[in-house]
Amino acid sequence: MNNRHTVEFKVNGEARSLEVFSMARLLDVLREQLQLTGTKEGCGEGECGACTVIIDGQIVNSCLVPMAQVNGCEITTIEGVAGGDQLHAVQQAFIDHGGAQCGICTPGMVLAAVDLLNRNPEPTEHDIRNGLAGNLCRCTGYMKIFESVVRAYKK
Amino acid sequence: MRAFIPNYQLTTPASLAEALTLLESEPGVWKPFAGGTDLMVLLEAGRLAHRNYINIWGLNELRGIEATDTHVTLGALTTYTEVQTNPILRREFPMLCQAASETGGLAIQNRGTLGGNIVNASPAADSPPALLAYDAEIELVSNRGSRWLPYQGFHTGYKQMHIDPDELLARIRLPRNTAGLTHYYRKVGTRKAQAISKVCFAAVGKTGQGKLMETRIVVGSVAPIVVRCVQTEAALRGQRPDEETIAAACASLVREISPIDDIRSTAKYRLQVAKNLLADFLATLRT
Ligand SMILES: Cc1cc2nc3c(=O)[nH]c(=O)nc-3n(C[C@H](O)[C@H](O)[C@H](O)COP(=O)(O)OP(=O)(O)OC[C@H]3O[C@@H](n4cnc5c(N)ncnc54)[C@H](O)[C@@H]3O)c2cc1C
Ligand code: FES
Ligand code: FES
C-alpha cells in the first residue's frame with residue numbers, strides 16, 4: 001500500500017511541497033524533514049504544549065496533527081516569529097525578564113503568548129493564565145513567564 | 001511504544017458525499033478522523049488498533065452553528081473554541097460554553113470537536129453532561145439517508161452506541177427552551193486545564209411557587225456512560241427543595257450511578273462529590 005502523498009503548505013511564509021505519510025505527525029515533519037528544530041517534543045500526547053505551532057491563525061499541538069490535515073494550510077513555527085534580526089516583543093521580553101530557563105517549553109510558550117496578544121492585545125492576568133494553560137514549564141514556576149507576557153505588551 | 005506510521009492511512013475525501021460512499025463501499029474498513037485529539041494520543045501510545053481513516057476535518061458540510069426560532073444546530077466538527085465564541089450559545093446554553101472552556105487547553109479547544117467528544121464515548125467527557133441536560137438530539141447520516149435521534153439513549157454501554165459503520169455523526173441540535181432555567185455545571189478535576197474529570201455534573205432546573213417544576217440532572221465519570229438521572233428528576237418533581245427533599249434526592253442519585261475506583265479517583269470520593277453537587281444545585285434553586 002502506498003500511503004505517501006504530496007502535501008502542499010506554507011511554513012513561515014515559504015511554500016513547501018513534500019511527499020509524506022498521511023498520518024505522519026506535523027511535529028516530526030517540521031523537525032526531521034524541514035529541519036525546523038525549534039519546535040520541541042515533550043509529551044507527544046497534547047498535554048505539554050512544547051510542540052505548539054500556529055496553523056491558519058490558531059495554536060495547535062503539532063504532535064496531534066497528521067500531515068493529511070496540513071494540506072493548503074499556513075503554518076508559523078517559532079522560527080517565523082521574529083522579523084529578520086528583530087526579535088518579536090514577546091521574545092525580547094522572555095530574554096529580559098527571565099521567561100526562559102532550560103528553554104524546552106519556550107518556543108511553545110512564545111507562540112501561545114504571541115497568539116494571545118494577537119487576539120487580545122491587553123490581556124488580564126486571568127487571560128494570560130488561560131491562554132498559556134496548555135503549556136507546561138518545569139523550570140520557571142510560571143511567574144517570570146506571566147511577567148514577560150505583561151512586559152511584552154506594556155512596552 | 002509508538003505506532004509504525006506507514007501502516008496507517010488517512011484519506012481526504014473532497015465532499016461529504018464522497019466520504020459517505022467510501023464508508024458504504026467498504027463497511028468497517030474506514031473510520032472517521034476529525035480533530036484527532038483522541039486518535040493521535042492513541043497513535044502515539046501504540047494503541048490505535050484500526051488502520052484506515054477518513055479525514056473529515058475539511059468537510060464544510062459538518063461545520064457551522066445555525067439558529068432558528070426553535071433550535072440551535074451545530075455541525076459535528078464544531079470546535080470548543082467555536083462553541084465559546086458563539087453569542088447564542090453563551091446566552092442560552094452557558095453550560096456547553098463552560099464545558100468547552102474547561103476542556104484541555106486552548107490548542108486542544110482549537111482542534112477538538114463536539115462530534116469527536118460524543119463518538120469517542122468516554123464516560124469522563126465534559127460536553128456530554130451539558131448536551132444531555134439540554135435535551136440534545138443528534139443526526140446520523142449515511143448514503144441510506146439521515147436520521148435524528150435523542151442523544152439521551154445513544155450510548156448504551158462503555159464505548160457502545162447506536163451508530164452503524166457507514167454512518168457519520170453530522171449535527172447536534174439543541175431546543176431553545178432554556179429561558180428561565182438555572183444552569184449549574186461543575187467539572188471536578190485535579191487542575192483547571194488539561195485534567196480529566198473525576199466527576200462532572202450538569203443540571204438545569206426551574207421552580208414555581210417554591211416548588212421544583214422541572215430539573216434535568218446529568219453526571220459524568222460515575223458509570224460506564226454519562227448518566228441522566230431520570231429517577232432522581234422524577235422524585236424531585238413538585239417538591240420544595242428543602243433539606244428533606246435534598247436528602248431523598250441524594251439517596252435516589254446513589255441508586256442511579258455506579259462509580260468505580262481508578263487512577264484518577266475512588267468510588268467513595270466520586271459518590272460523595274456527586275451527592276454534594278446535587279445538594280448544592282438544589283440549594284441554589286431554593287430562593
Ligand atoms: C491534552 C488533552 C486534553 C483533553 N482534555 C479533555 C477534557 O478536558 N474533556 C474532554 O471531554 N475531553 C478532553 N480531551 C479529549 C478530546 O480532546 C475530546 O474528546 C475531543 O472532543 C475529541 O474530538 P476530535 O475531533 O479531536 O476527535 P478524534 O480524535 O478525531 O475522534 C475521536 C473519535 O470520534 C470518532 N469521530 C469523530 N468525529 C466523528 C463524526 N463526525 N462521526 C462519527 N465518528 C466520529 C472517531 O472515529 C474517533 O473514534 C483531551 C485530549 C487531550 C489530548
Ligand atoms: S509534545 Fe505535543 S503537546 Fe507535548
Ligand atoms: S524553561 Fe525549562 S521547561 Fe520551561
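Which polar backbone atom lies 2.9 Å from a nitrogen atom of ligand 1? That atom belongs to Leu169(B), and the views below start from there.

This is a predicted model, in which local features need pLDDT of at least 70 and side-chain atom pairs count only at pLDDT 80 or more, while totals for chains, interfaces and linings use all residues. Residues are numbered from 1 along each chain as its sequence is written, chains are lettered from A and ligands numbered from 1 in the order in which they are written, and side-chain values use heavy atoms, without hydrogens and water.

**View 1. Polar contacts of ligand 1 (N or O pairs within 3.5 Å).** Lys187(B) places a polar side-chain atom 2.9 Å from an oxygen atom of the ligand. The protein buries 93% of the 990 Å² that ligand 1 exposes when taken alone (Shrake-Rupley method, 1.4 Å probe).

**View 2. The shell around ligand 1 (residues with a heavy atom within 4 Å).** Because residues from chains A and B surround ligand 1, the site is shared between chains. The shell's residues divide into 14 nonpolar, 12 polar and 6 charged; Gly counts as polar, and Tyr and Cys as nonpolar. Its largest share, 4 residues, comes from α7(B) (helices are DSSP H or I runs of at least four residues).

View 3. Buried residues (under 20% relative accessible area) include Ile246(B), Cys250(B) and Leu253(B).

Methods:
Polar contact = N/O pair within 3.5 Å; in protein donor to acceptor, adjacent residues only side chain to side chain. Helix = DSSP H or I, 4+ residues; strand = E, 2+ residues; numbered from the N terminus. Buried < 20%, exposed > 50% of the residue type's maximum accessible area, 1.4 Å probe, protein only.
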